[in-house]
Amino acid sequence: MLVAPSLLSADFGNLEREMQWFNESHADMLHLDVMDGVFVPNISFGFPVMRHVARLCQKPLDVHLMIVEPQKFIPQVADLGARYMNVHFEALTHHHRVIQQIREAGLKPAITLCPSTPVAVLEDIICDVDMVLLMSVNPGFGGQKFIPQTLQKVVQLRELIQKKGSHALIEIDGGVNMETGKQLAEAGADVLVAGSFVFGAANPKATVDALKGLS
Ligand code: DX5
Ligand code: ZN
């Protein structure tokens, strides 16, 4: 299992210290949750904070934009040196165009679905993205309860990926812990995002290892 701890639950007063354990851990990438107070009812952090974190972080960045008009920020995300740029399906009109623009900027395009958006909307873009992020909570806040219907969506998405011959990874975000992580692994998830469960743990590195051990 690939594991992407979410910076949203980090101690922002001690980012150096947080990034130190993170760099020493077996985490696969760092998940960055950007919120604009419009697309979601909360504001998190923006590019100045992400530039600072990018300098400290020795692993790939997975930028999850919970904002309207995410296509406006493709150059800034590329400048961060991020690996994945995750844009919400619900925030876009011209999905195919934006996915191509993200790829042309040297980033791996990923598309995110809110809990109420069905997997079927991905039918004609699944071969163009490198990852699909299924939200397992309504976006906007860390520490929420996992929505169990997500498990069914993982199975449906795996079927769609196989049917279309796509190489997209399946990433899940929200309410991930050992229990939901195990269920998600069984359903076919490839990447688990975990915020509060990892950053709130007494031993974050061991918690990352425990999640990585799920299969
Ligand atoms: C929710 C964010 C999530 C959140 C996950 O809007 O996209 O990444 O940080 O947090 P936990 O793991 O605490 O549910
Ligand atoms: Zn996220």
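Biologist: Is Ile-67 buried or exposed?

Modeller: Buried means under 20% relative accessible area. Ile-67 has 6% relative accessibility, so Ile-67 counts as buried. This is a predicted model, and the value is computed from its atoms.

Biologist: Where does Ile-67 lie?

Modeller: Ile-67 is in the loop between E3 and H3.

Biologist: What is the phi of Glu-69?

Modeller: Most residues other than glycine have a negative phi. Glu-69 has a positive value, near 50°. Glu-69 is also in the loop between E3 and helix H3 (74–80).

Biologist: How is the accessibility of Glu-69 classed?

Modeller: The middle class runs between the buried limit of 20% and the exposed limit of 50%. Glu-69 has a relative accessible area of 38%, so Glu-69 is partly exposed.

Biologist: Which side chain makes a polar contact with the side chain of His-88?

Modeller: A polar contact is read from the distance between N or O atoms, with a limit of 3.5 Å. The partner here is the side chain of His-64, at 3.0 Å. Beyond four places in sequence, the contacts of His-88 include His-64, Leu-65, Met-66, Thr-112 and Pro-139.

Biologist: That list names Thr-112. Where is Thr-112 found?

Modeller: Thr-112 sits in strand E5, which spans residues 108–113. With a relative accessible area of 0%, Thr-112 is buried.

Biologist: Which side chain is joined to that of Thr-112 by a polar contact?

Modeller: The side chain of Asn-86, at 3.0 Å. Asn-86 is also among the residues in contact with Thr-112 outside its sequence neighbourhood, and so are His-64, Val-87, His-88, Phe-89, Glu-90, Leu-133 and Met-135. For a separation along the chain, take His-26: its C-alpha atom is 25 Å from that of Thr-112, and the two residues are 86 residues apart.

Biologist: What is the place of Leu-184?

Modeller: Leu-184 is in helix H6, residues 178–187. Its relative accessibility is 0%, so Leu-184 counts as buried.

Biologist: Which residues does Leu-184 touch, not counting those up to four places away in sequence?

Modeller: The list is Phe-146, Leu-151, Val-154, Ile-172, Val-176, Ala-189 and Leu-192. A separate distance concerns Leu-214, which is 30 residues from Leu-184 in sequence and 9.1 Å away in space, C-alpha to C-alpha.

Biologist: Now the ligand. Which residues around ligand 1 come nearest?

Modeller: A shell is read by listing the residues around the molecule and then picking out the nearest. For ligand 1 there are 20 residues, of which Asp-33, Gly-140, Asp-173, Gly-195 and Ser-196 come nearest.

Biologist: Which strands each supply at least two residues of that shell?

Modeller: Strand E2 (30–35), strand E3 (61–66) and strand E8 (191–194). E2 gives the largest share, 3 residues.

Biologist: How far is the backbone of Gly-195 from an oxygen atom of ligand 1?

Modeller: A backbone N or O atom of Gly-195 is 2.8 Å from an oxygen atom of the ligand. For Gly-175, a backbone N or O atom lies 2.8 Å from a ligand oxygen. For Gly-143, a polar backbone atom is 2.8 Å from an oxygen of ligand 1.

Biologist: How much of ligand 1 does the protein bury?

Modeller: Ligand 1 exposes 380 Å² when taken alone, and the protein buries 100% of that.

Technical notes:
Residues numbered from 1 in each chain as written. Chains lettered and ligands numbered in written order. Predicted model: local features only at pLDDT ≥ 70, side-chain atom pairs only at ≥ 80, totals over all residues. Heavy atoms only, no water. Helix = DSSP H or I, 4+ residues; strand = E, 2+ residues; numbered from the N terminus. Buried < 20%, exposed > 50% of the residue type's maximum accessible area, 1.4 Å probe, protein only. Polar contact = N/O pair within 3.5 Å; in protein donor to acceptor, adjacent residues only side chain to side chain. Contact = heavy atoms within 4.5 Å. Near = heavy atom within 4 Å. Areas by Shrake-Rupley, 256 points an atom, 1.4 Å probe, with all protein chains shown as cover.
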